[in-house]
Amino acid sequence: MKILNALLSAAAAVSLFAVSASAQTYPERTITMVVPFSAGGPTDTVARLVAESMSKDLGQQIIVENVGGAGGTLGAGRVAQAEPDGYTLLLHHIGMATSATLYRKLAYDTLNAFEYVGLVTEVPMTIVARKDFEPTDLKSLIEHVKANKDTVTVANAGIGAASHLCGMMFMSAIETPLTTVPYKGTGPAMTDLLGGQVDIMCDQTTNTTKQIQGGTIKAYAVTSPERLKIFPDLPTAEEAGLSGFQVGIWHGVYAPKGTPAEVTDRLSKSLQKALKDENVVARFGELGTEPSSDADATPAALKAKLESEIARWKPVIEAAGQYAD
């Protein structure tokens, strides 16, 4: 028995040494960053900008892989089950928090199935409509949808998408249920808004900025605490009369549970460096957002954010009674 115990101890020591040595030389090959939404969407845009910059710092390419479906839970579930070696990552948005309530049966434990790398950015939302929609400002928009609640349609990119969450919050804020039209992705939803097939949408600046600037959709307000530099004339929802209406779609990077701390620390430092990259800062600015600070691009900050956002959205979703399963 003593010999067996000695052998087991030796094997454990060798395994621990191998893990430690591997972490010290990380990364040695290509890394996959899973985005749980379709290519070309706002979260995909954020991921590709960050992945490109982190690749330069890490000395290994980060490939973005889109694994869409089920409000982001398919991609998240895939990463949760991946080998915890730092070569499979997840970049997810606020849906990481809301899915914990939207889906009553998840294949993973949201808070405990991942290691945390850090926050990336918090993207403001915009309340927009087809360009020929009658209301001219947010006050008249609210009056119009209340008076025409049976005919006004609200587009979203699917249950659990940022546009769905913001739309749900908007309807809750104005205490008026509207007809929602879910799409399979942000692209199709925006296409129909541009074509006038649907009336309004609440979506991230990363998806609406070009259309607002081009005048192909009508913008009523931003959901940030302050006006955006990119849209100085566009009021905040608070200024426009929708008191307390603030929604930010934050993004974070995760790794499978059990990923060595040395690896997540290396990734966190690389993320912090990427978020100072001039190209990333400039492109984020064009999309109406800013990179997270060093203090937020950390494992502790992301974990705290996820915990607080699960608590924030749980009563909203339960009150709406809208579940994905």
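Colleague: Are Cys-166 and Cys-202 buried or exposed?
Modeller: In this predicted model, the sulfur atoms of Cys-166 and Cys-202 lie 1.8 Å apart and form a disulfide. As for accessibility, both Cys-166 and Cys-202 are buried.

Colleague: How many residues apart in sequence are the parts that the pair of Cys-166 and Cys-202 ties together?
Modeller: The count of disulfides comes to one, and the two cysteines concerned are Cys-166 and Cys-202. Cys-166 belongs to helix α6 and Cys-202 to strand β7 (residues 200–204), so the parts tied together are separated in sequence by 36 residues.

Colleague: What is the relative accessible area of Ser-163?
Modeller: Ser-163 is part of helix α6, which covers residues 162–173. Beyond its neighbours within four places in sequence, Ser-163 is in contact with Met-125, Asn-156, Ala-157, Met-201, Cys-202 and Asp-203. Buried is taken as under 20%, and Ser-163 is buried with a relative accessible area of 2%.

Colleague: Which residue's side chain is joined to that of His-251 by a polar contact of 3.4 Å?
Modeller: His-251 lies in strand β9 (residues 248–256) and is buried, its relative accessible area being 0%. Setting aside residues up to four places away in sequence, His-251 touches several residues, including Leu-91, His-92, His-93 and Gln-204. The side chain that makes the polar contact of 3.4 Å with that of His-251 belongs to Thr-43.

Colleague: How are the rings of Tyr-108 and Phe-114 arranged?
Modeller: Five aromatic pairs are found in the whole structure. In the pair of Tyr-108 and Phe-114, the ring centres are 5.7 Å apart and the planes stand at 80°; planes over 60 degrees apart count as edge-to-face, so this pair is edge-to-face.

Colleague: Which residues do ring pairs link into a cluster?
Modeller: Tyr-108 and Phe-114 are both buried. Ring pairs link these two residues with two tyrosines, and the cluster consists of Tyr-108, Phe-114, Tyr-116 and Tyr-254.

Colleague: How far from the ring centre of Tyr-323 is the charged end of Arg-104?
Modeller: Arg-29 lies over the face of Tyr-87, 3.8 Å from the ring centre. The charged end of Arg-104 sits over the ring of Tyr-323, and its distance from the centre is 4.2 Å.

Colleague: How many of the eight residues of helix α4 are buried?
Modeller: Helix α4 comprises residues 95–102 and is mostly covered. The cover over its buried residues includes α3 (73–80), β3 (88–92), β4 (114–130), α6, β9 and α11 (299–320). The buried residues are Gly-95, Met-96, Ala-97, Thr-98, Ser-99, Thr-101 and Leu-102, and their number is seven.

Colleague: What is the distance between the end C-alpha atoms of helix α9?
Modeller: Among the buried residues of α9 are Val-263, Leu-267, Leu-271 and Ala-274. Helix α9 (residues 261–274) has 14 residues and, at 1.5 Å a residue, should span 20 Å; this agrees with the distance between its end C-alpha atoms, which is 20 Å.

Colleague: Which residue's backbone nitrogen does the side chain of Thr-298 reach at 3.2 Å?
Modeller: Thr-298 is located in the loop between α10 (278–286) and α11. Leaving out residues up to four places away in sequence, Thr-298 touches Val-117, Gly-118, Leu-119, Ser-268 and Gln-272. Its side chain reaches the backbone oxygen of Ala-295 at 3.1 Å. The backbone nitrogen that the side chain of Thr-298 reaches at 3.2 Å is that of Ala-301.

Definitions and conventions. Residues are numbered from 1 along each chain as its sequence is written. This is a predicted model: local features need pLDDT of at least 70, side-chain atom pairs count only at pLDDT 80 or more; totals for chains, interfaces and linings use all residues. Side-chain values use heavy atoms; hydrogens and water are left out. Helices (H or I, at least four residues) and strands (E, at least two) are DSSP runs, numbered from the N terminus. Buried means under 20% relative accessible area, exposed over 50%, partly exposed in between (1.4 Å probe, protein chains only). Contact means heavy atoms within 4.5 Å. A polar contact is a pair of N or O atoms within 3.5 Å; within protein, one must be able to donate a hydrogen and the other to accept it, and residues adjacent in sequence count only if both atoms are side-chain atoms. Rings of Phe, Tyr and Trp (its six-membered ring) pair if their centres lie within 6.5 Å; planes under 30 degrees apart count as stacked, over 60 as edge-to-face and the rest as tilted. A charge sits over a ring if NZ of Lys or CZ of Arg is within 6 Å of the ring centre and within 35 degrees of the ring normal. A disulfide is a pair of cysteine sulfur atoms within 2.5 Å. The expected span of a helix is 1.5 Å times one less than its number of residues.
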